[in-house]
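Please read them alongside the sequence and the coordinates.

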Amino acid sequence: MGNNILEIKNLTTGYILKGSNRKILHTNLNTMVGKGELIAILGPNGAGKSTLLGTLSGFLSSLEGQINIKGKDISRMSRRDIAREIAVVLTDKIDDRYLTAVDVAGTGRYPYGNFMGRLTEEDILLINNSLEVVGVSNLAHRYFYSLSDGEKQKVLLARAIAQDTPLIFLDEPAAFIDSPGKVEVMILLNKMVSEMGKSVIMTTHDTELALNSAHYIWLLGNNDEFITGKPDELVKSGAINRLFDRAGIAFNTTTLRFESTKN
């Protein structure tokens, strides 16, 4: 397996409908993720980006195929074992009005805790360090609900760091955040990759952000397309145009933006 942390073999994604009917989104997916890689999953709405991420994290069962983490089949791993390998940051809201930022970051240590849920000195050190790494130590005792969207996202990234896993999955990490905040999040993700050796996989609708930040892109289409490669390769090959262009709107391979084709 070499330096690869995650391996996907002949994977079919989708979900079970009523009875034994299945809704298949993608079939025969094959790729690998190495240590210290930042991967962005791009695709039109409904293409199955979140479903793929949920399947890779074990939240959803694969319909066929295999997912290996460090050579281990994820279907044979317990939830706790998976949580020691993958930290997941979703867009779900945390509504508990009594949780502080440090409380939320602290939940990243649950996979390692005892049945009493008590934190060790090592846990506390990791949690405090994670808040410092993302620059929100000053918010540690603020109630999580009172934070801005950008601050909340940083706390959730701190939780992922505290979880101390080689893989971090994020579903739309820059959603609902202003432009400067998006840049800050991407700087943090690149720091986690380059300085901590984490492997990060994220879904995003922001094509420009992905092309400028990711090492590799996974393109998902609505017709079972799955194309992987470096950003510049996918731009030059026209793969992004094939999947995203529509009447009156096209991806400009020079500006790396979608622009109107109407005069």
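1. Helix α4 passes α5 in a right-handed crossing. The model is a predicted one, and the points below should be read with that in mind. On the α4 side the contact is made by L126, I127, S130, L131 and V133; α5 contributes A158, I161 and A162. By class, this contact has seven nonpolar residues, one polar residue and no charged residues.

2. The geometry of this pair is as follows. The axes of α4, which spans residues 121-133, and α5 come within 8 Å, and they cross at roughly 135 degrees. An angle in that position makes α4 oblique to α5, because over 145 degrees would be needed for a pair to count as roughly antiparallel.

3. Helix α5 also packs against α6, which covers residues 179-194. Here the axes come within 11 Å and the crossing angle is roughly 10 degrees. The two helices are therefore roughly parallel, since the angle is under 35 degrees.

4. Which residues make the contact of α5 with α6? From α5 they are Q153, K154, L157 and I161, and from α6 they are E184, V185, L188, L189 and M192. Six of the residues in this contact are nonpolar, one is polar and two are charged. I161 of α5 takes part in the contact with α4 and in the contact with α6.

5. The largest pocket has a volume of about 330 Å³. Its lining consists of 17 residues, and those nearest the centre are F59, V88, L90, R159 and Q163. At least two lining residues come from each of α2 (79-83), β6 (86-89) and α5 (149-163). The lining divides by class into nine nonpolar, four polar and four charged residues.

6. The second largest pocket holds about 280 Å³ of space. It is lined by 17 residues, with T91, D92, K93, D149 and K152 closest to its centre. By class, its lining has eight nonpolar, two polar and seven charged residues.

How values were computed: Residues numbered from 1 in each chain as written. Predicted model: local features only at pLDDT ≥ 70, side-chain atom pairs only at ≥ 80, totals over all residues. Heavy atoms only, no water. 1 Å grid on protein atoms, 1.4 Å probe; cavity = no way out; pocket = protein on both sides within 12 Å on 5 of 7 lines; lining within 4 Å. Points joined across faces, edges and corners; volume = space filled by probe spheres on them. Helix = DSSP H or I, 4+ residues; strand = E, 2+ residues; numbered from the N terminus. Nonpolar A, V, L, I, M, F, W, Y, C, P; charged D, E, K, R; others polar. Axes fitted to C-alpha atoms, helices over the stretch in contact; angles between N-to-C directions. Parallel < 35°, antiparallel > 145°, perpendicular 65-115°, else oblique. Left-handed = near helix turned anticlockwise from the far one by under 90°. Contact = heavy atoms within 4.5 Å.
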